[in-house]
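Trainee: I am new to this structure and would like a close look at one part of it. Could you pick a single strand and walk me through its surroundings, then step back to the rest?

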Amino acid sequence: MDFFALILQLILDASASWIRMFIALGISIVISIAVGIYAAVSPRAERVILPVVDILQTVPILAFFPFALYIFVVFLPGFIGINAAVIFLIVTSMVWNIIFGVYESIKTLPKEFLELSDLYQFDRMERLKSIYIPAALPRIVEQSILSWSIGLFYLVTSEIFSIGISQDQVRWGIGVAFATLVYQGASQYVTAIVVFICFVVATRFLFFRPLEKYSVRYMRQQARVPQPAQGYERTVIGWVSRNISRAPSVLTSNRILKGRKHVSHLPTPKTRHDLRMLYYAGLAAIMLLLIYVFATNRMLLELESVVFPAIIASFVRIWFAFAVMLAIAIPLSVYLIFMSRQSSKYMIVFQIAASIPATILLPAIAVTLKSGELVAFAVFLLSGIWYVIFSVMASTRTLPQSVFEVKKIFGVKGRSAWSNIYIKAIVPGLITGAVTGIAAEWNASIVAEYFTNASGNLVSSVGTGLGKVLDLSLVTCKSGASCWTAQYGLPALSGSQGLMLMGVALLNLVVMIILINTLVWKRMYRKVSKIYMG
Amino acid sequence: MNMITLEKVSFLFENTKLEIMDSISFVARKGEFVCIVGPSGCGKSTLLRIIAGLIPPSSGRVLFANHEITEPNRKISFVFQDFALLPWLTNVENVKIGLSRSDISDEAKDKKASELLDRFGLSGFEDYYPNALSGGMKQRVGIARSVASDPQVLLMDEPFSSLDELTATSLRSDIVYMLENKNISVNSVIMVTHNVEEAVELADKVIVLSDKPSHVKKIINISGERPRDKRSGQFAAYMDEIYAALAKDIEQ
């Protein structure tokens with residue numbers, strides 16, 4: 001192919017993808033403003049919206065893509081259906097943290113702002129226009145940047161994924177280009193990556209940078225007069241609370257309830273406690289119901305006997321990759337932050353690296369490594385590691401100068417520096433990184449564990465895994481339904497059985513994610529936030 | 001005997017060439033409590049960090065008992081405005097940070113840190129995290145940490161300005177008590193403050209700095225036994241003298 005034709009083609013592909021992205025971002029922001037503000041001003045809405053958003057944002061939505069695809073394609077004709085499915089998927093990846101951003105900005109709005117609007121008798125629209133939206137703007141922009149990089153991952157992955165399906169594949173898209181070009185030679189593939197990165201960087205600098213600058217003027221400034229509260233804000237403690245505020249809101253929905261005196265809508269500790277009890281009770285009830293349903297239905301039990309080993313296999317793979325990530329990310333981040341003291345220089349590099357989805361390398365990885373386990377490991381590692389490094393770097397970026405000064409003044413060195421300063425300083429960042437990184441891994445599982453090329457032929461596959469089961473449950477291979485039989489040696493599934501299998505697989509995934517979040521991450525977060533921010 | 005000597009210390013930011021301080025010289029003698037006051041933004045805190053050896057001066061030098069200071073050392077300690085306690089360490093562990101350069105065993109460090117906390121009225125709070133403490137208690141931990149390694153010079157960067165007035169007052173009198181009773185190794189203190197009353201209350205010598213590029217505008221020696229009576233005419237006269245020195249700068 002002529003080089004310029006290739007470039008043109010790639011630019012068109014990327015533009016098509018970017019149009020999907022911008023539509024999705026627009027939809028996400030509108031939804032977030034509506035839902036976020038509603039949750040912040042209405043205690044009753046808050047009680048429902050928060051836990052729901054909380055769960056939704058931690059579920060690896062990409063796993064639902066085969067299902068979403070199925071639904072959208074059934075109800076909408078091919079071209080619109082597939083694009084709607086992709087956009088829907090991107091929205092589901094983007095929207096949650098923006099909702100929390102809006103919610104938190106309104107929630108932490110000083111009471112005076114609202115008193116002011118009462119004083120001047122603002123009506124609902126005026127209040128929205130002159131108080132709520134401007135107040136939320138900085139967080140919307142900040143969270144949109146994060147959402148954009150998460151969205152890119154979903155975009156590329158879903159485009160690549162859609163290729164495995166005969167009738168409904170996305171025709172234009174950078175993900176499609178990757179999957180096709182990998183067979184045409186390394187130079188074409190690399191060109192595609194370069195074009196993609198150019199788009200990512202251009203968006204960061206030409207779209208988000210100006211937005212950031214614009215939104216800064218809406219930021220509420222800390223009062224300049226040194227008062228006890230303000231001095232306190234600038235301390236290490238202030239740093240930690242700011243830093244944890246960047247943690248995914250799943251971990252922080254309690255955060256804003258703490259330590260802020262002058263906020264407008266503050267739930268009482270009692271409602272907080274009630275909410276938590278309600279949440280646990282609901283969770284327990286659902287679990288019991290599920291166990292009952294599964295125990296009394298043979299078909300479900302049979303499906304579960306396939307799904308359960310699959311989720312265990314994926315779990316082991318994903319957590320092994322996570323352990324490797326930590327082994328790389330911790331020394332690297334500590335070196336950059338504390339030893340070379342150059343972290344701010346690399347920050348933008350990691351920010352961009354984190355926003356380049358690892359799945360753009362998937363076709364190349366799958367074609368070169370071939371072994372299913374190796375491919376899965378490589379994709380998992382690359383999907384998650386940037387989140388870990390990025391979160392750690394981001395969390396320590398605002399580490400107060402005094403921490404470094406304490407280290408120098410008192411001559412903290414060697415092992416003592418590692419155990420007393422380095423490791424503990426990055427703990428909040430590590431928790432954030434773990435949640436986001438592991439979620440990214442689960443998201444990648446639908447393409448990492450089972451990958452077909454543009455002509456529908458299997459390129460790499462693991463023995464069993466949740467991603468693989470999800471892939472095979474509904475999406476019929478080019479060669480027909482026999483894929484399931486070929487892979488698992490089980491009788492072919494009918495359409496409704498496939499749907500059921502997918503339902504069981506997703507249910508397992510959701511239950512596991514909720515359990516781990518409740519039992520591991522939330523607990524850890526509560527402990528850390530208690531120590532780090534009182 | 002001169003504990004700390006500043007010889008024509010100047011500082012400017014390399015990248016912006018912004019001149020912060022110009023040829024500052026003064027001495028802190030053994031047993032002397034020196035306060036540095038000046039308009040905000042005149043580089044008081046930077047100056048203190050230069051003395052600590054955290055930041056190298058652009059020109060001039062700082063001597064500690066005739067040795068040039070090029071990096072932080074265990075004889076000179078620091079109390080931070082924002083306390084700078086590490087929130088992830090317990091109070092006793094935070095105080096132990098101050099013993100990082102000591103060669104004593106870990107058990108001995110634990111023991112010494114606990115004793116220090118006890119001396120600063122914080123016994124029972126050893127295993128609490130700093131966030132469980134009030135501002136005044138936090139700064140006590142900060143001070144305990146700073147004197148842990150038996151320093152001779154204590155540098156304090158607005159140590160009371162993050163506290164409410166009542167807490168600050170009681171902590172100030174504790175500091176005076178600590179220094180007067182000579183049960184610690186510290187025999188010279190340099191404190192940065194923007195609170196003129198505080199300076200007159202504590203200092204033997206007040207260094208008034210001008211706006212930047214700051215230079216020493218006036219050095220005022222304060223006499224009188226501590227605790228000093230804030231309502232005395234002498235006290236007011238000192239305050240007027242400092243305010244006058246500061247005000248001239250504002251008019252210019």
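Mentor: Happy to! Helices and strands here are DSSP runs, a helix having at least four residues and a strand at least two, numbered from the N terminus. Counted that way, chain B has 7 helices and 10 strands. Please keep in mind that this is a predicted model.

First, the setting. With a radius of gyration of 18 Å, close to the 18 Å that the globule rule gives for 252 residues, chain B is as compact as a globular protein of that length. Its C-alpha trace spans about 55 × 45 × 35 Å along the principal axes. As for burial, 46% of the 252 residues of chain B count as buried. Take the contacts in chain B between residues at least 6 apart in sequence: 71% of them join residues at least 24 apart.

Now to our strand, E8 of chain B, which covers residues 188–192. Is this strand mostly covered or mostly exposed? Mostly covered: 5 of its 5 residues are buried. In a regular strand, side chains alternate between the two faces of the sheet. On one side of E8(B) you find Ser188(B), Ile190(B) and Val192(B), and on the other Val189(B) and Met191(B); both faces are covered.

Which strands pair with E8(B)? One is strand E3 of chain B (residues 33–37), joined to E8(B) by 4 bridges and running parallel to it. Here Cys35(B) stands opposite Met191(B). Strand E7 of chain B (residues 153–157) also runs parallel to E8(B), with 5 bridges between them. In this pairing, Asp157(B) has Val192(B) as its bridge partner.

Stepping back, chain B also touches chain A, in a contact that takes 29 residues from chain B and 28 residues from chain A. On the chain B side, the elements giving two or more residues are strand E6 (76–79) and helix H2 (91–97). The residues on that side divide into 16 nonpolar, 8 polar and 5 charged.

A word on confidence in chain A: the pLDDT averages 79, and 83% of the residues score at least 70. Helix H1 of chain A (residues 3–41) has the highest confidence in that chain, at 92, while helix H9 of chain A (residues 228–233) has the lowest, at a mean of 28. Over residues 221–269 of chain A the pLDDT is below 50, and beyond near neighbours in sequence this stretch has 107 contacts in the model. Where pLDDT is low, the predicted coordinates should not be read in detail.

Definitions and conventions:
Residues numbered from 1 in each chain as written. Chains lettered and ligands numbered in written order. Predicted model: local features only at pLDDT ≥ 70, side-chain atom pairs only at ≥ 80, totals over all residues. Contact = placed C-beta atoms within 7 Å. Nonpolar A, V, L, I, M, F, W, Y, C, P; charged D, E, K, R; others polar. Rg over C-alpha atoms; globule rule 2.2 N^0.38 Å. Buried ≥ 20, exposed ≤ 12 C-beta atoms within 10 Å, placed from the backbone. Pairing = 2+ DSSP bridges. pLDDT = per-residue confidence, 0-100.
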